[in-house]
Amino acid sequence: MHLFSLLFVSPAPAARDGGFYEDLTVSQETLLELVDLGRLSPTGGNKQPLKFIISWEKEKNELIYPTLAWAGYLTDWAGPEAGERPAAYIIILEDKDINMNVPKIDFGIAAQSIMLGAAEKGLGGCMIYMVQRQKLREVLHIPEKYEILMVLALGQPKEEVVVDEIENEADIKYWRDNNRVHHVPKRKLKDVVLEL
């Protein structure tokens, strides 16, 4: 499977062939190994303001899932059905007491490190920025000193994801075909490298 497919498998609408194998669990040990990759990632001024909440147990996962928005370009779909939802989550937080006057880029670096580690372990995942943050804060009792930045949804990928190279001005919206293959348009390498 293409590395991109493992990194960015997006649980798109599917009754049988999409999303994740929810019953194939991701262990606490695996999540801690992945968080360690985030911990070791570079941070502005080496301030290390990121904190992480991990979830691998069904009860906690069920609290997190409804706070997430899924596949925004697929407007006729509300998210993965039961049985195809992520088996685990990593919530990336920022400790407001630590991070002063540092650009908010650290969490993207950490998220990519974690997702690369997940791909190496055969896991797929989604980086989710569209989060009902106040609702998530309430259901998990997250103290106000921590800003909720992003949620990483993880699991054994169930769907096929392909990268479609597109012309520079083409539509960048991802989509699904009649065979339930999730297509992710990406600009060609020649269109993103500038010859100046």
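**Loops, salt bridges and a pocket**

At 68% relative accessibility, H141 counts as exposed, a label given to residues over 50%, whereas buried means under 20% and partly exposed covers what lies in between (1.4 Å probe, protein chains only). The model is predicted, so local features need pLDDT of at least 70 and side-chain atom pairs count only at pLDDT 80 or more, while totals for chains, interfaces and linings use all residues. Residues are numbered from 1 along each chain as its sequence is written, and side-chain values use heavy atoms, with hydrogens and water left out.

H141 sits in the loop between helix 5 (133-140) and strand 5 (146-157); here helices (H or I, at least four residues) and strands (E, at least two) are DSSP runs numbered from the N terminus. Although H141 is not a glycine, its phi is positive, at about 55 degrees. N46 also is a non-glycine residue with a positive phi of about 55 degrees. The loop that holds N46 runs between helix 2 (28-39) and strand 2 (50-55). N46 counts as exposed because its relative accessibility is 54%.

Turning to the salt bridges, the structure holds 9 of them, each defined as a side-chain nitrogen of Lys or Arg within 4 Å of a carboxyl oxygen of Asp or Glu. One of these joins K188 to E167, with an N to O distance of 2.7 Å. This pair links distant parts of the chain, 21 residues apart: K188 is in the loop between strand 8 and helix 6, and E167 is in the loop between strand 6 (161-166) and strand 7 (175-176). E167 is partly exposed, at 47% relative accessibility. Another salt bridge pairs K190 with D191, their closest N and O atoms being 3.2 Å apart. Here K190 is exposed, with a relative accessible area of 58%, whereas D191, at 21%, counts as partly exposed. Salt bridges with shared partners also join D95, D97 and K145 into one network.

E62 forms a salt bridge with K58, and the closest N and O atoms are 3.9 Å apart. Both residues lie in helix 3, separated by 4 residues, about one turn of the helix. E62 is partly exposed at 48% relative accessibility, and K58 is exposed with a relative accessible area of 55%.

The second largest pocket brings these two residues up again. Its volume is about 240 Å³. On a 1 Å grid over the protein atoms alone, a pocket is an open set of points with protein on both sides within 12 Å along at least five of seven lines, and lining residues have an atom within 4 Å of a point. Grid points are joined across faces, edges and corners, and the volume is the space filled by probe spheres set on the points. Of the 14 lining residues, E22, K58, N61, E62 and P86 are the closest to the centre of the second largest pocket. Helix 3 (residues 58-64) gives the most to this lining, with 3 residues. By class, the lining has 7 nonpolar, 3 polar and 4 charged residues, where Ala, Val, Leu, Ile, Met, Phe, Trp, Tyr, Cys and Pro count as nonpolar, Asp, Glu, Lys and Arg as charged, and the others, Gly among them, as polar.

Two further residues complete the picture. H182 belongs to strand 8 (residues 182-187) and is buried, at 1% relative accessibility. Its C-alpha atom is 8.6 Å from that of V163, 19 residues apart along the chain. V192 lies in helix 6 (residues 189-192) and is exposed, at 52% relative accessibility.

Note on methods
On a 1 Å grid over the protein atoms alone, a cavity is a set of points where a 1.4 Å probe fits but cannot get out, and a pocket is an open set with protein on both sides within 12 Å along at least five of seven lines; lining residues have an atom within 4 Å of a point.
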